[in-house]
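Have a look at the model first.

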Amino acid sequence: MSLDGTAADGLMVSEGVGAVDDLADVIRRVLGPRRRVPRVAQVVGAGFAGRAWAARVTGALRPLDPTLLVHEGPTTPAGVAALARRLCETGADTVVAVGGGTVMDAAKAAAALARTGPTDVDRVRQACATGTVPPDLDAPFQVIAVPTTAGTGAEATPFATLWDLHTRRKLSLTGPGVRPRAAVLDPGLLVGLGRRDLATGILDALCQGAEAAWSIRSTEDSMRWGASAVLRAAQVLDRVEDGTLDGAARLTLQQAAHHSGRAIALAQTSSCHALSYPLTLRLGLPHGHACGVTLGRLLRYNRAVSPGDCADPRGPDHVHRVLDTLAAPLGGSPDEAAARLERFIAACGLTRYDDLAVDHRAVATDAVSYPRCHDNPRRLDQDSLSRLLGERSETEEMCG
């Protein structure tokens with residue numbers, strides 16, 4: 001398997017400075033030989049027009065005369081249903097999703113559901129609850145993803161995250177038909193992001209890479225992609241922290257996020273993400289922040305795995321090897337990596353888990369209700385997770 005951004009697994013990837021300028025060519029390559037000009041729907045977030053690079057994206061797509069659709073707010077069943085109906089009205093055959101994880105997930109979900117006609121909220125919920133979305137390369141609404149943040153890796157994943165605010169549950173629309181056909185990674189689209197936004201993104205990438213590597217569902221490929229994501233993220237932690245990112249560092253950030261997306265496409269996430277859902281729903285924490293605040297805790301907890309509480313059939317020695325590989329670029333041992341992550345969170349102005357006003361047992365109760373919590377390599381239940389969350393991180397002592 002190649003880790004250089006090629007399309008070895010069928011996902012077309014264009015990366016590098018100026019990559020977005022070739023958007024029209026990427027679309028033509030995805031659709032193949034045609035007699036007519038592609039009909040494009042461009043899905044963006046509410047802040048698109050104010051971004052410094054918006055004119056570049058608009059100019060790149062101008063020859064295709066796209067229909068602009070704005071997705072606002074979180075990715076809810078109602079929002080996805082509304083976007084799917086608008087896609088049907090456009091008569092488009094291609095969807096270009098330009099934005100962060102929220103915009104990309106909304107576009108992916110809406111495009112997958114719109115292929116069989118207009119939809120409503122009940123159908124969105126039903127699709128999330130039952131079955132998967134199969135691929136159909138000849139169907140309309142093939143998605144080209146253009147990430148403008150570096151964290152979720154949504155441009156590479158066959159699922160979309162939705163939030164049901166009525167039931168306070170995270171939902172997922174899953175299947176190969178949800179995955180984009182192509183991803184365009186241009187580091188120029190990260191220009192203008194502040195340190196907090198970059199930090200939450202890199203924390204998401206770190207968690208996705210780590211979880212896809214340590215999960216009991218991990219494969220050789222998911223471990224390789226996951227370790228690559230963690231390594232690349234670690235290479236630019238200091239640059240994010242002190243605000244000295246250049247074009248090369250931004251591309252490394254994008255690659256870290258993209259590789260983490262490739263990793264979870266194979267093995268999905270586990271405990272950090274299961275914990276993040278109640279933290280987001282209860283406290284409103286941004287997704288990457290909500291994931292990252294428990295990563296250090298889980299690194300230490302999993303490193304203490306023993307034969308008596310190991311959930312991975314490959315055994316504790318396998319878990320130890322994976323965790324040591326992940327921790328090495330972050331400082332050495334899992335304890336040192338955890339301390340580095342705590343320092344990074346604090347230095348970037350994000351609240352550490354120790355300082356959150358939260359009921360540990362309530363968070364643990366919510367987290368264990370998600371099946372992926374139990375993909376953790378060391379067994380977790382409500383009691384052990386509640387104790388883990390209640391422990392102080394002792395960052396000051398670890399950091400000297």
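Q: At roughly what angle do the axes of helix 6 and helix 11 cross?

A: A quick word on the model first: it is predicted, so local features need pLDDT of at least 70 and side-chain atom pairs count only at pLDDT 80 or more, while totals for chains, interfaces and linings use all residues. Residues are numbered from 1 along each chain as its sequence is written, and side-chain values use heavy atoms, with hydrogens and water left out. Helices (H or I, at least four residues) and strands (E, at least two) are DSSP runs, numbered from the N terminus. An axis is a line fitted to C-alpha atoms, for helices over the stretch in contact, and angles run from 0 to 180 degrees between N-to-C directions. Here, helix 6 (residues 195-214) and helix 11 (residues 295-303) cross at roughly 20 degrees, and their axes come within 11 Å.

Q: What do we call that arrangement of helix 6 and helix 11?

A: Angles under 35 degrees count as roughly parallel, over 145 as roughly antiparallel, 65 to 115 as roughly perpendicular and the rest as oblique. Helix 6 and helix 11 are therefore roughly parallel. The crossing also has a hand: left-handed if the near helix is turned anticlockwise from the far one by less than a right angle, right-handed if clockwise. Helix 6 passes helix 11 in a left-handed crossing.

Q: Which residues of helix 6 and helix 11 meet?

A: Contact means heavy atoms within 4.5 Å. From helix 6 you get Leu206, Cys207, Ala210 and Trp214, and they meet Leu295, Leu298, Leu299 and Asn302 of helix 11. To sort them, Ala, Val, Leu, Ile, Met, Phe, Trp, Tyr, Cys and Pro count as nonpolar, Asp, Glu, Lys and Arg as charged, and the others, Gly among them, as polar.

Q: How far apart are the axes of helix 9 and helix 14, and at what angle do they pack?

A: The axes are 8 Å apart, and helix 9 packs against helix 14 (residues 360-368) at about 125 degrees. That makes helix 9 oblique to helix 14. Helix 9 passes helix 14 in a right-handed crossing. Helix 9 brings Ala274, Leu275, Pro278, Leu279 and Arg282 to the contact, and helix 14 brings Ala362, Val363, Asp366 and Ala367. Sorted by class, the contact of helix 9 with helix 14 has seven nonpolar, no polar and two charged residues.

Q: How many cavities are there of 30 Å³ or more?

A: Picture a 1 Å grid over the protein atoms alone: a cavity is a set of points where a 1.4 Å probe fits but cannot get out, a pocket is an open set with protein on both sides within 12 Å along at least five of seven lines, and lining residues have an atom within 4 Å of a point. Grid points are joined across faces, edges and corners, and a volume is the space filled by probe spheres set on the points. The count here is two cavities. The largest cavity holds about 50 Å³, and helix 8 (residues 247-267) gives the largest share of its lining, three residues.

Q: Which residues line the second largest cavity?

A: They are Leu206, Ala210, Val230, Leu295, Leu299, Leu326 and Leu330. Helix 6 and helix 11 each supply at least two of the lining residues. The second largest cavity has a volume of about 30 Å³, and its lining has seven nonpolar, no polar and no charged residues.

Q: What is the volume of the largest pocket?

A: About 1,100 Å³. Of the 50 residues that line the largest pocket, Gly100, Gly101, Thr102, Thr152 and His287 are the closest to its centre. Helix 6 turns up again, with the largest share of the pocket lining, six residues. By class, the lining of the largest pocket has 19 nonpolar, 23 polar and eight charged residues.
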